[in-house]
Amino acid sequence: MAGSLGLALSGGAILGAAHIGVLKALDDQGIRVTHLTGTSMGALVGSLYAFGFSGAKIEAMAEELRWPDVTRFHPSRLGLLSMDRLVKTLRDRVGEARIEDAPLSLALVAADISTGEKVVLREGPVAESATASACVPGVFIPMELDGRLLVDGGLVENLPISPLQAWGVETIVVVDVHMGRTYHRPRNFIEVLSNALDIALANAARPKVTGADVVVTPDLEGFSRSEMQDIPSLVEEGYRAMMAMMEDLRGEPADSPGING
């Protein structure tokens, strides 16, 4: 697939706001993505980008976002929080758009909590599919799509490189918000759990990046997975990390015309 450029965006909760900075850097350098895959927060950010929202526009949306736009307390037998508000927030942006109608090739990764299977969503409603990819099990109520009960794709492929490989994409860029993290000595059990999760996800991703041409790993030390006020700084870190890899991406200085510029 000559000339194709695939981008894989990992999960990572609020840390995934760094993906927005990566997209802004690609936009600023005139680099066109032809194939995009996302898991969890990567699915949410990637879906907006796939349907024509620039990195800068997504940043503006993210900075206006508040938790009531995302979820509400709605305890059930399957979870504590409902994601129906996130579905509505996405629909307000993309309407009734379907994955297969995106201007670029788009795939979102979720997990079937009933079977343990990885589910690669290449068609279906964008708002519901991206939300399903981000449903942390036990916290958020799973999304039911086409008879499957779907939850966060981080369970099965947090760094979604396999759909890009299946497409035969020529150049693969992956962005992982866990592999570049540094850690500090935990001060409480919440930080123990947070470090444990990030370490597990980072180690699960490392074998996969051997299939990538460019690996972008923002250093997100000190950032929380849940603090929305960190979004502007996370965007900056993502931008910085992508710009640092620009020469590797195209073999030219970062201030020269992009590969499609």
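Colleague: In which sense, left-handed or right-handed, does helix α2 pass helix α3?

Modeller: A crossing is right-handed if the near helix is turned clockwise from the far one by less than a right angle, and left-handed if anticlockwise. Here α2 passes α3 in a right-handed crossing. This is a predicted model, in which local features need pLDDT of at least 70 and side-chain atom pairs count only at pLDDT 80 or more, while totals for chains, interfaces and linings use all residues. Residues are numbered from 1 along each chain as its sequence is written, and side-chain values use heavy atoms, without hydrogens and water.

Colleague: At what angle do the axes of α2 and α3 cross?

Modeller: Axes are lines fitted to C-alpha atoms over the stretch in contact, with angles from 0 to 180 degrees between N-to-C directions. Those of α2 (residues 41–50) and α3 (residues 55–64) cross at roughly 130° and come within 10 Å. The two helices are therefore oblique to each other (under 35 degrees is roughly parallel, over 145 roughly antiparallel, 65 to 115 roughly perpendicular, the rest oblique).

Colleague: Which residues of α2 and α3 meet?

Modeller: Contact means heavy atoms within 4.5 Å. From α2, Val45, Leu48 and Tyr49 meet Gly55, Ile58 and Met61 of α3. By class, this contact has five nonpolar residues, one polar and no charged.

Colleague: How do helices α1 and α9 pack?

Modeller: Helix α1 (residues 18–28) packs on helix α9 (residues 231–244) at about 45°, with the axes 6 Å apart. That angle makes α1 oblique to α9, and their crossing is right-handed. Among the residues in contact are Val22 and Leu26 of α1, and Gly238, Tyr239 and Met242 of α9. The contact of α1 with α9 has 10 nonpolar, two polar and two charged residues.

Colleague: Is Val22 buried or exposed?

Modeller: Buried means under 20% relative accessible area, exposed over 50%, and partly exposed in between (1.4 Å probe, protein chains only). Val22 belongs to helix α1 and is buried, with a relative accessible area of 0%. Beyond its neighbours within four places in sequence, Val22 is in contact with Val175, Val216, Gly238, Tyr239 and Met242. Val22 and Tyr239 lie 217 residues apart in sequence, yet their C-alpha atoms are 4.8 Å apart in space.

Colleague: What fraction of the whole protein is buried?

Modeller: Of its 261 residues, 52% count as buried. Contacts between residues 24 or more positions apart make up 73% of those with a separation of 6 or more. The C-alpha trace spans about 55 × 45 × 35 Å along its principal axes.

Key. Helix = DSSP H or I, 4+ residues; strand = E, 2+ residues; numbered from the N terminus. Nonpolar A, V, L, I, M, F, W, Y, C, P; charged D, E, K, R; others polar.
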